[in-house]
Structures are given as structure tokens and as C-alpha cells.
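Student: I have a new model open and would like to go through it. Can we start with how the chain holds together?

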Amino acid sequence: MTSFADKFPDRFVVVGIDTDAGKTVVAALLCLGLEADYWKPVQAGREPMTDTGRVREITGLPEDHFHPEAYCLAWPASPHAAAAQEGIRIAAEKIVLPVTPRKLVIEGAGGLMVPLREDYMYLDLLAEWKLPVVLVVRTYLGSINHSLLSIAALRRNAIPILGLVFNEGGRPESEGVIERYSGIEVLGGVPELDAVNAETLRAVWRSWSAPDQ
């Protein structure tokens with residue numbers, strides 16, 4: 001008998017329909033639920049904390065569950081602009097997948113069409129990897145359009161989609177439209193949490209993986 005955790009392959013990417021979709025919280029949740037490693041290949045913005053630092057703080061997982069960024073840039077901006085500030089041009093060949101005996105949760109940067117350099121977007125990197133993705137959706141005015149366009153872009157590039165995660169809920173009518181038009185499985189939802197920590201995220205994971213889900 002397979003478990004909910006068996007839905008997830010050894011390596012997959014958490015992407016969002018926009019910068020504030022909630023990728024980091026969902027990535028932390030998945031790391032806890034799967035006892036997985038975490039990797040943010042390209043970080044733009046180091047203050048007050050990197051996403052790696054935040055996931056480490058939220059989850060309390062051991063240090064060896066975290067892998068260093070290929071690029072850790074100071075300026076909180078599009079990666080191509082943040083890199084230019086430091087006189088760097090991001091090279092895809094330097095973004096090498098870490099080797100680990102555990103599952104690996106990879107967190108994307110911004111949305112799919114965020115440029116890593118002038119002629120190369122995050123979507124291009126995902127198309128090279130062909131790793132399955134979890135698409136994080138936060139519902140707001142315009143999120144149906146953003147979600148379906150993101151799904152279309154992934155499909156056009158033959159990038160497999162594991163499922164959707166609805167973050168912070170609040171618009172079930174929008175969630176229903178996205179699920180119905182896309183035909184993609186909903187892995188679960190993350191409610192608005194009074195506190196984001198290992199305890200609250202483990203509770204969300206248990207709700208996802210309960211036998212009747």
C-alpha cells in the first residue's frame with residue numbers, strides 16, 4: 001500500500017504563480033513531512049534572512065538537510081538584476097543539483113518567468129531539468145489567470161506537474177475554477193496560520209496525508 005509521501009519523487013521543485021505565493025512555507029512543510037533536504041539554487045536578497053535560513057529556522061531540521069545556494073545575491077530583486085549589481089552573470093551550468101540520500105525539495109525564485117539573466121528564465125532551467133514541480137497558488141484577484149498561464153507554460157515546456165497547493169485559502173470559488181480548468185490534482189491547502197513553525201506545519205502535513213484525504 002502506497003502512502004501520501006510516495007506521491008513525491010526523490011527530487012522536485014516548488015514553484016509559485018508569483019513572488020508572494022508562499023513557496024518558502026510550502027517548501028518547509030514538505031521538508032518536514034518528507035524528512036527531506038532543502039535547496040534554494042538562486043537567492044536574491046540576504047536581509048533580514050535568506051530563504052534557506054528561514055526554512056532552517058521554521059523546521060529545526062539538522063544542518064545537513066540544507067545545501068548552499070549556487071548564487072546568493074545581496075539585492076532583493078529579479079535574479080538577473082541582483083546579479084548585475086554585483087557584476088555577475090548567472091551561468092546555468094553552475095547550478096548543479098546536490099547529491100543526497102534523502103528526498104530533495106528545491107525552491108524556485110519568484111514566478112516561472114523570472115529572468116536569471118537577460119536571455120535565460122527560471123522556466124528555461126526547469127525545462128532543462130525536467131523535474132516534477134509543485135505549483136503553489138495564493139488566491140487573489142487575478143490568480144486564476146496567473147495560475148492557468150503558469151500551468152500552460154509548464155505544459156508547453158513538458159515539465160511534469162505533481163500537483164497544486166493552495167496557500168492561505170480564502171477564495172474557494174477561485175480554487176475550484178483553477179482545479180477544474182487545469183485538471184491537476186490538489187495536494188492540499190495551507191490555511192492562514194497564527195504561527196508558522198514546525199508544529200503547525202506538521203499538523204498541516206498530517207491533514208494532507210490522512211487516509212481519508
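Tutor: One term to begin with: a contact means heavy atoms within 4.5 Å. Keep in mind that this is a predicted model.

Student: OK. What share of the contacts with a separation of 6 or more comes from residues 24 or more positions apart?

Tutor: Such pairs make up 72% of those contacts.

Student: And how many helices and strands are there in the chain?

Tutor: The chain has 7 helices and 11 strands. Its radius of gyration is 16 Å, close to the 17 Å from the globule rule for 213 residues, so the chain is as compact as a globular protein of that length. The C-alpha atoms fill a box of roughly 50 × 40 × 35 Å along the principal axes.

Student: How much of the chain counts as buried?

Tutor: 51% of the 213 residues. The chain exposes about 10,200 Å², and carbon and sulfur atoms supply 51% of that area.

Student: What about charges, how far apart are the mean positions of the positive and negative ones?

Tutor: They are 4 Å apart, for 20 positive and 28 negative charges.

Student: Now helix 2. Which of its residues are buried?

Tutor: In helix 2 (residues 51-59), these are Asp51, Thr52, Gly53, Val55, Ile58 and Thr59.

Student: What covers them?

Tutor: The cover includes helix 1 (23-34), strand 2 (37-39), strand 3 (42-44), strand 4 (66-67), strand 6 (104-107) and helix 7 (198-209). Just after helix 2, Gly60 takes a positive phi of about 70 degrees.

Student: Last one, Thr139. Where is it found?

Tutor: Thr139 is in the loop between strand 9 (133-138) and helix 5 (143-156).

Student: Is Thr139 buried or exposed?

Tutor: Its relative accessible area is 8%. The cut-off for buried is under 20%, so Thr139 counts as buried.

Student: What is Thr139 in contact with, leaving aside its neighbours within four places in sequence?

Tutor: Thr139 is in contact with Phe166, Asn167, Gly169, Arg171, Ser174 and Glu175.

Terms used: Residues are numbered from 1 along each chain as its sequence is written. This is a predicted model: local features need pLDDT of at least 70, side-chain atom pairs count only at pLDDT 80 or more; totals for chains, interfaces and linings use all residues. Side-chain values use heavy atoms; hydrogens and water are left out. Helices (H or I, at least four residues) and strands (E, at least two) are DSSP runs, numbered from the N terminus. Buried means under 20% relative accessible area, exposed over 50%, partly exposed in between (1.4 Å probe, protein chains only). The radius of gyration is taken over C-alpha atoms; the globule rule is 2.2 Å times the number of residues to the power 0.38. Accessible areas come from the Shrake-Rupley method with a 1.4 Å probe; for residues, only the protein chains shown count as cover. Lys and Arg count as positive and Asp and Glu as negative; His and the chain ends are not counted. The place of a charge is taken as NZ of Lys, CZ of Arg, CG of Asp or CD of Glu.
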